[in-house]
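I am opening this notebook to keep track of what I look up, one entry per topic. Each entry begins with whatever I checked and ends where I stopped reading.

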Amino acid sequence: MIRLSSIITLFETTFLPQYKNQRLPSHKKALGAMKVCRTRHSLLMLARCDKCDEQVYVPHSCGHRSCPHCQHHESQQWLERQLKKQVPAAAIDKTQTLWRTKKSGKNTPYLFSHTALAEVFRAKMLEAITQEGFTLPKQHPSKWVVDCQSVGTGEKALIYLGRYLYRGVIREKDIMSCKNGKVTFRYQNSKTKQWAFKTVSGEKFLWLILQHVLPKRFRRTRNFGFLHPNSKRLIQVLQLLLGFDPNRALAWIKERPKMLCRYCGETMTIIKTRISPTRVLAALVPT
Ligand SMILES: [Zn+2]
Ligand SMILES: [Zn+2]
C-alpha cells in the first residue's frame, strides 16, 4: 500500500512554491501533520506492561481530521462525546408550565412543526447577521430549503455525521500508484457508483487532498446552547432529572482494542506521551 506520508515527503518541496498563491496556512499545517503520522519522525509514547514491566515506544498518530490513519479513532471519540450529551427530546411549552415530550404531543414523530421551526430559524439567523452590521445580498432567498426527517433516538444520524466529519479525503488503499512524478488513484463516481481512475501530477494530488482542509477557526459543526462544551454540568442535571443514563447509550460503541505486551500478553498502560524521537535515540546510543 502506498502511504500518503510518502507522497507528501516526495512532492511537498515542489508543491509549496507551485501553489504559493492559493494555499492557506492550514494546508501547510495539515501536510506537516500527515507527513509524520505514525512514522519514525513522529513523537513517541512510552507504554509499560502492567505485569512484567516491559516497556515499548509507540509513535503518536497526528490526529488531523483529514489524515487517513486517524479518522476512525477521531470520529469514534467525537461520537462518544455526542452520545454523552444525549437527553430525551422534550421542551417547555408556550405557557412555560408544561414539560412537553413527544408522547404528550400529537400523533407525529416531531416535537415541533418543522416548517415553522425553519421559519423561526431563518428569521433569527437573518436578525443576527444584520445585528452584526453585515448587509444581506439583495436577492437572498425568501424560502429556505428544509429537510427534516425523524431519526429515532438520533444514534444512527450521529454515526453518519461522525463519519462525514472525520472522513479522510482518500483511503490509502485507493492510491494505486506513484511513479514518474504522477499519482494514480481510484474513486467512486457519486452518481453511477462506478469506480474510475485518475492520474495527476504529485503536486496536483496534494492540492486535491488539501481542498478539503478547512481554514483556521472554521468548523464543520458547532455546538450551541446546552450542547456547548461549557454546559457539561447542565446536561448532567438534565439527564438526572429526566432519568436518562448516557452510559447505556454508549454501551454499543466498540471498545478500543487494548495494547498488549509482546512477552506476557497483559495490557500495557501509556505512562508518558509526546517524547521526541531524537531523545529516545540519544538514550539508546552509548556516549
Ligand atoms: Zn508483559
Ligand atoms: Zn494521522
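**Entry: helix 3.** I looked up helix 3 (residues 71-84), which has 14 residues and reaches 20 Å from its first C-alpha to its last, close to the 20 Å expected at 1.5 Å a residue. That expected span is 1.5 Å times one less than the number of residues in the helix. For all elements I used DSSP runs numbered from the N terminus, where helices are H or I runs of at least four residues and strands are E runs of at least two. I then listed the buried residues of helix 3, which are Gln71, Ser75, Leu79, Gln82 and Leu83. These residues cover an arc of only 95 degrees around the axis, which puts them on the same side of helix 3; the arc is that of the directions from the helix axis to the C-beta atoms. I counted a residue as buried if 20 or more other C-beta atoms lie within 10 Å of its own, exposed if 12 or fewer do, and partly exposed in between, with C-beta atoms placed from the backbone. Among what covers the buried residues of helix 3 I found helix 5 (155-166) and helix 8 (246-250).

**Entry: the model and its numbering.** I noted that this is a predicted model, in which local features need pLDDT of at least 70 and side-chain atom pairs count only at pLDDT 80 or more, whereas totals for chains, interfaces and linings use all residues. Residues are numbered from 1 along each chain as its sequence is written, while chains are lettered from A and ligands numbered from 1 in the order in which they are written.

**Entry: the whole protein.** I found nine helices and eight strands in the protein. Along the principal axes, the C-alpha atoms fill a box of roughly 80 × 55 × 40 Å. Of the 287 residues, 15% count as buried. I also looked at contacts between residues at least 6 apart in sequence, and 64% of these join residues at least 24 apart, a contact being two residues whose C-beta atoms, placed from the backbone, lie within 7 Å.

**Entry: helix 2.** I turned to helix 2 (residues 25-36), whose twelve residues reach 18 Å from first C-alpha to last, close to the 16 Å expected at 1.5 Å a residue. Its buried residues are His27, Ala30, Leu31, Ala33, Met34 and Lys35, and they pack against helix 1 (4-18) and helix 6 (202-210). After helix 2 comes Arg38, which has a positive phi near 50 degrees.

**Entry: the sheet 5-6-7.** I followed an open sheet of three strands in the order 5-6-7, with antiparallel pairing. Strand 5 (175-179) and strand 7 (195-201) stand at the edges, each with a single partner strand, so one side of each is left without a neighbour in the sheet. The twist averages 20 degrees from one strand to the next. Strand 5 pairs with strand 6 (residues 182-188) over four bridges, and I took two strands as paired if DSSP finds at least two bridges between them. Lys179 has Lys182 as its bridge partner in strand 6, and Cys178 has Val183. Strand 5 and strand 6 form a hairpin with two residues between them, and Asn180 in the turn has a positive phi of about 50 degrees. Strand 6 is joined to strand 7 by seven bridges, with Tyr187 opposite Ala196 in strand 7. The hairpin of strand 6 and strand 7 has six residues between the strands, and there Lys193 takes a positive phi near 65 degrees. Helix 6 lies across strand 6 and strand 7, at about 120 degrees to strand 7; axes are lines fitted to C-alpha atoms, for helices over the stretch in contact, and angles run from 0 to 180 degrees between N-to-C directions.

**Entry: Arg262.** Is Arg262 buried or exposed? Arg262 is exposed, with 10 other C-beta atoms within 10 Å.
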